[in-house]
Amino acid sequence: MKWLTRSVISAALLLGVVACTSDVSPDDTALQQLADRTLIRELMDRYGTVHDSGTPEEYADLFSREGEIAIGGGPVLVKGRDALLSQAQRDHDRYGETDADGRWTSIMRHLISNAQIALTGDTTAEGTCYVTTVVKKGDVGPAILSISRYVDRYVKADGQWRIERREIFLEFGNSALAAQMGFTGG
């Protein structure tokens, strides 16, 4: 839980800066909202890292118990912890390789940017961000495979923010690179 400790420290430092630079002392609600938005942003960023180099359990832990993933306005493709674990294991097997030192690594990196977060209640939020997927395998890459947009709903349970629903919209894809890398779609 090192990420949680860093997140709490980052939020506390940010809150201190706000309190010291403002003529008006922020109230508890404003401070809680700032902390929640910071923790959700950390969750968005952690998704990219965990997807690329985490375990299936770490991946599933990013989502609520009934978390789900859909693609571009279509039906839900993955729903619930067991399905998330299976999806993460399939991705791990399909997109992993062993490096020169014998360590497992992913051929992908998911770079999260342009995050926008709206708190919709004390324990609910919505967000959107871009994700740039960069691939490198053998002599191919690093190269941009795609730029997508995640549209998320978040829920806070037991003091932790989790992804409740992620909808992935492909905005730009490199179909020639996808074919070269062995992906089924572009």
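A residue is called buried when its relative accessible area is under 20%, exposed when the value is over 50%, and partly exposed in between, using a 1.4 Å probe and protein chains only. The model is predicted, so local features need pLDDT of at least 70 and side-chain atom pairs count only at pLDDT 80 or more, while totals for chains, interfaces and linings use all residues. Residues are numbered from 1 along each chain as its sequence is written, and side-chain values use heavy atoms, with hydrogens and water left out.

Helices (H or I, at least four residues) and strands (E, at least two) are DSSP runs, numbered from the N terminus. Helix 4 covers residues 81–95. Buried in helix 4 are Leu84, Gln87, Ala88, Asp91 and Tyr95. These residues lie on the same side of helix 4, because they cover an arc of only 100° around the axis, where the arc is that of the directions from the helix axis to the C-beta atoms. An α-helix has 3.6 residues a turn, so residues three or four places apart point the same way. Asp82 and Asp93, on the other side of helix 4, are exposed.

Some backbone details are also worth a look. Aspartate 158, in the loop between strand 7 and strand 8 (160–173), has a positive phi near 55° although the residue is not glycine. Aspartate 158 is exposed, with a relative accessible area of 80%. Asparagine 114, in strand 5 (residues 108–119), likewise has a positive phi, near 55°.

How values were computed
The expected span of a helix is 1.5 Å times one less than its number of residues.
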